[in-house]
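Please keep the sequence and the structure in view while reading.

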Amino acid sequence: SLTLNGFTRSGYDFLGWSTDPNATTPTYTNGQSVKNLTTVNNGTVTLYAVWRVTAPSNVRFTSAAATGPFNINLVWTCTGLNITNYTIYYKKAEASTYSSMNCGTSTSLSLAVDEETTYDIYVTATNAGGSAQSGVIQITTPADQAKVRIYTGNTWIQGKTWIYTGSTWVKAKKVYIYDGNQWKINSNN
């Protein structure tokens with residue numbers, strides 16, 4: 001009966017034994033009774049350990065932040081060898097289904113999103129041994145600068161509102177309009 005070998009290989013799981021040195025699936029498993037591997041009395045048979053890459057683990061974001069109203073920058077890592085693919089999953093917090101973005105072997109992404117919106121985001125890592133998922137993080141994007149329309153004589157174009165602080169001009173974050181009864185934030189798109 002074959003017994004489990006005492007060797008370890010960092011980043012790999014032992015699957016069993018094979019007479020083929022390049023096998024990816026074992027011919028014989030631990031505890032299996034093996035007979036007649038050779039027709040030669042007292043012949044030598046070489047069995048090779050068959051290994052599989054250990055599935056990824058400890059998938060986590062190392063950096064995740066909204067870098068403006070329309071972008072979220074993500075950086076992640078995981079424990080595991082030969083990662084073949086990372087996939088980012090994201091959705092608006094109130095949505096029920098996730099969208100996904102394949103990142104290949106890259107461990108960073110700048111995600112294009114909507115302003116003033118909260119997103120749920122997680123990442124998966126995959127290799128020949130399997131896949132693993134990070135925890136879900138939540139990020140809220142800030143508001144875009146105030147939106148105004150400027151008439152050029154024949155068309156309206158989008159512009160920005162600037163405020164003079166006494167020493168410099170800065171972009172206004174919000175513009176309020178009085179509608180006769182109350183002040184409202186200008187949501188002019």
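**The core and what surrounds it**

The largest nonpolar core of this predicted model has 20 residues, and those with the most contacts inside it are Ile-72, Leu-74, Trp-76, Tyr-86, Ile-88, Leu-111 and Ile-121. At least two residues of this core come from each of strand 3 (57-68), strand 4 (71-79), strand 5 (85-92), strand 7 (108-112) and strand 8 (118-127). In soluble globular proteins, nonpolar side chains tend to be buried together.

Beyond its neighbours within four places in sequence, Ile-88 is in contact with Phe-61, Leu-74, Trp-76, Ser-99, Ser-100, Met-101, Cys-103, Leu-109, Ile-121, Tyr-122 and Val-123.

Cys-103, one of these partners of Ile-88, counts as buried, with a relative accessibility of 13%. Cys-78 is buried as well, at a relative accessible area of 14%. Both values are under 20%, which means that Cys-78 and Cys-103 fall in the buried class. What is the count of disulfides? With a disulfide taken as a pair of cysteine sulfur atoms within 2.5 Å, the count is zero.

The view can now widen to the whole chain. The protein chain contains 16 strands and zero helices. Among its contacts with a separation of 6 or more, 58% join residues 24 or more positions apart. Of its 189 residues, 26% count as buried.

How values were computed: Residues are numbered from 1 along each chain as its sequence is written. This is a predicted model: local features need pLDDT of at least 70, side-chain atom pairs count only at pLDDT 80 or more; totals for chains, interfaces and linings use all residues. Side-chain values use heavy atoms; hydrogens and water are left out. Buried means under 20% relative accessible area, exposed over 50%, partly exposed in between (1.4 Å probe, protein chains only). A nonpolar core is a set of buried Ala, Val, Leu, Ile, Met, Phe, Trp, Tyr and Cys residues joined through side-chain atoms within 4.5 Å. Helices (H or I, at least four residues) and strands (E, at least two) are DSSP runs, numbered from the N terminus. Contact means heavy atoms within 4.5 Å.
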